[in-house]
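Hi everyone, thanks for coming.

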Amino acid sequence: MNPYAQDASSIIEEEIKKKLFRNAMKSNWQEVINIYKQHPQSHKAQTTRSGDTAIHIAISDGQESIVEELVSIVSKTTPSALAIENELGNTPLHFAAYLGNIEMCSCIATSDLKLMGVRNKENETPFFISVQHGRKHVFLRLHSFCKNGEGYEYGRRNDGETILHSAISGEYFDIAFQIIHLYDKLLNAVNMHGLSPLHLLASKPSSFRSGNHIRGFHKLIYHCIFVDELELEYNHTLRLNYEENARYPENYQTCVGFIFLLRNIIRVLIGSSKNTMNQQTDPEGQQSSDPDACSRPKAQGHQLFPENYFTCFHGLKSLSKAMLVILGLGSMQIVKLREKKEKHIWSVQIMEKLLDHAASYEYEDNGRTPQHLPPRIKETTPYALVDDERKTDVEMEKRETPILIAAKNGITEIVAKILELFPVAIHDMNNERKNVVLLAVENRQPHVYEFLMKRKIMKETIFRKMDKDGNSALHLAAMLGDNKPWLIPGAALQMQWEIKWYEFVKNSMPMHFFIRYNQKGQTPREIFSESHQKLLKEGGEWLTSTSESCSVVAALIATVAFATSATVPGGVKSDIGTPTLENQPAFSIFAIASLIALCFSVTSVVMFLAILTSRYQERDFGKDLPRKLLVGLTSLFVSIASMLVSFCAGHFFVLKKKLQYAAFPVYAVTCLPVTFFAVAQFPLYFDLVRATFRKVPQRSYK
């Protein structure tokens, strides 16, 4: 070939690339289309530094019509251009799946179905990426293009991670529900770390109600929100294209499409589409594997009323949503609570599906040695990445079972469901020989521990178990980890709940349980004293600083209250010595309020001084010091309120004739600075009341 001609050709290609880049950056897409039509060599031109083609850029810009036209041009002349990868190995279909654009994905995938199996440098297919980023409708559309089990191959990375793993990791439970029904062989598949989807679900406490702390007005709204359970969906498309075997002329297609849409709307309104939808088959001809789908109502899974009442029930739900927006805390907060409740309801559904599928196997198949995928997918199984297959099996045997992971994370729903289906799971232990009771105690999970206490089966056995170091449940309750385990501020209150947790576990031990030594020769009490030294010191410092700051305010109020209690507004009558304003209601209020302020301020000072002179020993943090702090803060708040009332009542005689009722707003503004201090201390006060009167500590929510 002539070198001059070759140089000229390369120069022309560079000019085309620059022209494509400039027009794409300026969104001159019509000019880009013209270049694609005139210069077929531009179809594979990578115009950016990252190796993106014009189709990549158009997809990123969200240009649906432009992408369809460019794909149409390319597929006629150079269809291999649609498989061009950028520096990350992403094809245009990867981009479209990531952005979640159904029309773009359909346009590209139908031009070449093999593009769904192209993997980028992370070994991810477009099919996998749609699930990884929560694009449910794209996933369903791409699923409809899969044939002969191709979805199993496209839905798994080389490290063994499947689309079901990815959906549960991203908390896309609506997609996970569809995957469970469409790809049931993935339910017990494991990744290279030996983790099944149930393992991942058991490590997500925030996805369950037991792992979330909702209180106050939010809790009321939470219970007023109705959430529909998940149902199997299919990639239904409107019949806009004329079929060759149709029984009507082609020019009737628009009317037929309208009638089809109207029929679906009517079926949804009268509630008859529910049963028929559950009886349909998926695009591959597989029938729904949920036998209870036809009989299960939508409302929280409980059959509360006959089927024909569901229309009224849905109307009631719509009305309740409108009332929540009007009377609630705002639509955005309600939306967040609704999303949270959807996650809680749907996660339980996914858990039940995973465990129901495992019910036909031995429990070991769902725990330490989960089921694997069929041997057809050899290149993506995690064991192909390890040389010593026996070593991998041994390592997987040491993995914690789902019930142990759930107990560690405080997910009561999973623990209860597994014990219901597999009672033998109560004996599961990890490689440190810790069972479900020991893990619940060690990780400070009161809900799980109380649930296990209520189960009478094997209670005497499982509560007496010890780990490989000889530690019983009481030894683990005495140990303190690096993190603060309780949902309470302040080191002193943390120490109080640590003592309460230790005493609660100690009192819950079976009869005839005697204190034993572990392999290091330590008793639980010795471990408690040793591991809580730092927290004990921090608690003493926290109490000292709190008492010093509060005692200063209490002493100031006591001084003012003493001065006001000895002062009589308006003076006294010289002849009989009685107050001049004794018959005024404001005078009586002043006298009583000043006396209360003096009494409670002195009480507050005494309580804080008692705390400052305390020895700060372990047993003092259990009841003595928290109660003194509670009495001191209560007295301080009462004295502050009484002082403000006495001030306003005494000053009312000065302004009552000039300002009359306008004096009340003036007094309210005057009292604001002092009120701010009391309001700032209210959270501590409420936490102190909760910590003092609560028998079982409340777990932390991460």
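Arginine 433 sits in the loop between α20 (412-421) and α21 (436-442); helices here are DSSP runs (H or I, at least four residues), numbered from the N terminus. Keep in mind that this is a predicted model, where local features need pLDDT of at least 70, side-chain atom pairs count only at pLDDT 80 or more, and totals for chains, interfaces and linings use all residues. Residues are numbered from 1 along each chain as its sequence is written, and side-chain values use heavy atoms, with hydrogens and water left out.

Back to arginine 433: its phi is near 60°, a positive value in a residue other than glycine. With a relative accessible area of 44%, arginine 433 is partly exposed, that is, between buried (under 20%) and exposed (over 50%), using a 1.4 Å probe and protein chains only.

Now please find asparagine 123, in the loop between α6 (102-111) and α7 (126-132). Phi of asparagine 123 is also positive, near 60°, and this residue is partly exposed at 29%.

On to the helices. How do α2 and α4 pack? Helix α2 (residues 29-38) and helix α4 (residues 64-77) make an angle of about 5°, with axes 10 Å apart; axes are lines fitted to C-alpha atoms over the stretch in contact, and angles run from 0 to 180 degrees between N-to-C directions. The two are therefore roughly parallel, the word for angles under 35 degrees.

Trp29, Val32, Ile33, Tyr36 and Lys37 in α2 meet Ile66, Glu69, Leu70, Ile73 and Val74 in α4, contact meaning heavy atoms within 4.5 Å.

Key. Parallel < 35°, antiparallel > 145°, perpendicular 65-115°, else oblique.
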